[in-house]
Amino acid sequence: MTVTHTEREFLFIYDSHRERERQRHRQREKQAPCTGSPMWDSIPGLQDRTLTAPAPFADETSCQCQAPHEKLTIAQARLGTPVDRPVRVYADGIFDLFHSGHARALMQAKTLFPNSYLLVGVCSDDLTHKFKGFTVMNEAERYEALRHCRYVDEVIRDAPWTLTPEFLEKHKIDFVAHDDIPYSSAGSDDVYKHIKEAGMFVPTQRTEGISTSDIITRIVRDYDVYARRNLQRGYTAKELNVSFINEKKYRFQNQVDKMKEKVKNVEERSKEFVNRVEEKSHDLIQKWEEKSREFIGNFLELFGPDGAWKQMFQERSSRMLQALSPKQSPVSSPTRSRSPSRSPSPTFSWLPNKASPPSSPKAASASISSMSEGDEDEK
């Protein structure tokens, strides 16, 4: 990929700006070290570390934040101030069966302000079972699910059900992000009421059509389907808490479904075979029609009324007639008519030819004998 001169110049300016920001933040971090609130998060491009490693837990950081923490208004935070630290946004929840609705809420909390650091509090199993009910995932699984979300910078384990001033001060929280629907629990109409009154509440939007309760409802509604599914995948009836009768019923249904699937596959294959046969038969019929037309045309060209065979036969028959018929004699000169009363003058064939005398005595004797024989016949 080629880089134009303008792009190269822009990259140089951007790298120079980042280097100046790094130096400035190194100096400020030496004056007020803080690992609980990393100043590196305000540097453009360094927040991408959450894409290559899970977010840390709040109780595993090496020290607490010692930097002065001034209270901000929402207007100030949206302007990108203060420049020396990110705006610390807190979001809490149960996050059972972590889904896209949770991720979208955290994305909104992360992008509320130009420079923000998102802390996510997750309630423990004891607290959740007490105030909300049983969960599908245990607290360790829910903690790990949050750590691997790209929008989360820090996870607070065993978060309180109701936020106290001491908790907000401990973690240097500027704002709390949650949907604006009043959350009644623990004997309160809205557990975020005092946060809203303090001007620290920032609302987010819920994602319609997806929630943990909806997912559980789908599983309960189609319980038989998922029980049969897991039995087919090797889970035992004891692991699924399924009775002996139901286990046999589910396995029988699985066998019936397999037979149905086989029959369906056979029907589909037979349909495909019939379609292929029809296509081939259609092609064969078309080819046969073409060949038959060609054959009929060739036959008519040979044996038709004006065919080549008839012309050939006529030519051969004419040649045979010419070969069998005698040649005509040349036309003689017309003779002079004679009267019937007059008899033709006798010709004397016995007279010797003056033009050709006998060449030998034998020939002369032979001619004389022939003449005598002729006279005797006349008598």
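## The largest pocket

The largest pocket is lined by 37 residues, and those nearest its centre are Ile94, His102, Lys132, His178 and Arg206. A pocket here is an open set of points on a 1 Å grid over the protein atoms alone, where a 1.4 Å probe fits, with protein on both sides within 12 Å along at least five of seven lines; a lining residue has an atom within 4 Å of a point. The structure is a predicted model, in which local features need pLDDT of at least 70 and side-chain atom pairs count only at pLDDT 80 or more, while totals for chains, interfaces and linings use all residues. Residues are numbered from 1 along each chain as its sequence is written, and side-chain values use heavy atoms, with hydrogens and water left out.

The elements β1 (87-93), α3, β4 and α8 (212-221) each give two or more residues to the lining of the largest pocket. The greatest share comes from α3, with five residues. Helices (H or I, at least four residues) and strands (E, at least two) are DSSP runs, numbered from the N terminus. The volume of the largest pocket is about 890 Å³, where a volume is the space filled by probe spheres set on grid points that are joined across faces, edges and corners. By class, its lining comprises 18 nonpolar, 14 polar and five charged residues. Ala, Val, Leu, Ile, Met, Phe, Trp, Tyr, Cys and Pro count as nonpolar, Asp, Glu, Lys and Arg as charged, and the others, Gly among them, as polar.

## The second largest pocket

The second largest pocket has a volume of about 230 Å³. It is lined by 13 residues, of which Lys71, Leu168, Glu169, Ile173 and Met200 are the closest to its centre. Two helices, α6 (165-170) and α7 (193-197), each supply at least two residues of this lining, and α6 gives the most, with three residues. The lining of the second largest pocket holds seven nonpolar, two polar and four charged residues.

## Aromatic pairs

A search of the whole structure finds six aromatic pairs. One of them joins Phe57 and Tyr143, which are edge-to-face, at 6.4 Å centre to centre and with 75° between the planes. Rings of Phe, Tyr and Trp (its six-membered ring) pair if their centres lie within 6.5 Å; planes under 30 degrees apart count as stacked, over 60 as edge-to-face and the rest as tilted. This pair links distant parts of the chain, 86 residues apart: Phe57 is in the loop between α1 (5-31) and α2 (74-78), and Tyr143 is in helix α5 (residues 139-147). Both Phe57 and Tyr143 are buried, buried meaning under 20% relative accessible area, exposed over 50%, and partly exposed in between (1.4 Å probe, protein chains only).

A further pair is tilted, because the rings of Phe113 and Phe175 have their centres 5.2 Å apart and their planes at 35°. Phe113 lies in the loop between α3 (100-110) and β2 (116-122) and Phe175 in strand β4 (residues 175-179), so this pair ties together parts that are 62 residues apart in sequence. Phe113 counts as buried at 4% relative accessibility, and Phe175 counts as buried at 0%.

## Surroundings of Phe57 and charges over rings

Phe57 has a relative accessible area of 4%. The charged end of Arg157 sits over the ring of Phe57, 3.9 Å from its centre. The criterion is that NZ of Lys or CZ of Arg is within 6 Å of the ring centre and within 35 degrees of the ring normal. Lys196 likewise has its charged end over a ring, that of Phe201, 4.9 Å from the centre.

## Positive phi values

Most residues other than glycine have a negative phi. Leu97 has a positive phi, near 50°. Leu97 is placed in the loop between β1 and α3 and is buried, with a relative accessible area of 18%. Asn241 also has a positive phi, near 55°. Asn241 is found in the loop between α9 (223-232) and α10 (244-303) and is exposed, with a relative accessible area of 70%.

## The annotated coiled-coil region

An unreviewed UniProt entry places the feature "coiled-coil region" at residues 249-276. UniProt positions are given in the numbering used here, feature names are shortened, and annotations may be inferred rather than shown by experiment. In the model, residues 249-276 are 100% helix and 0% strand, with the end C-alpha atoms 40 Å apart.
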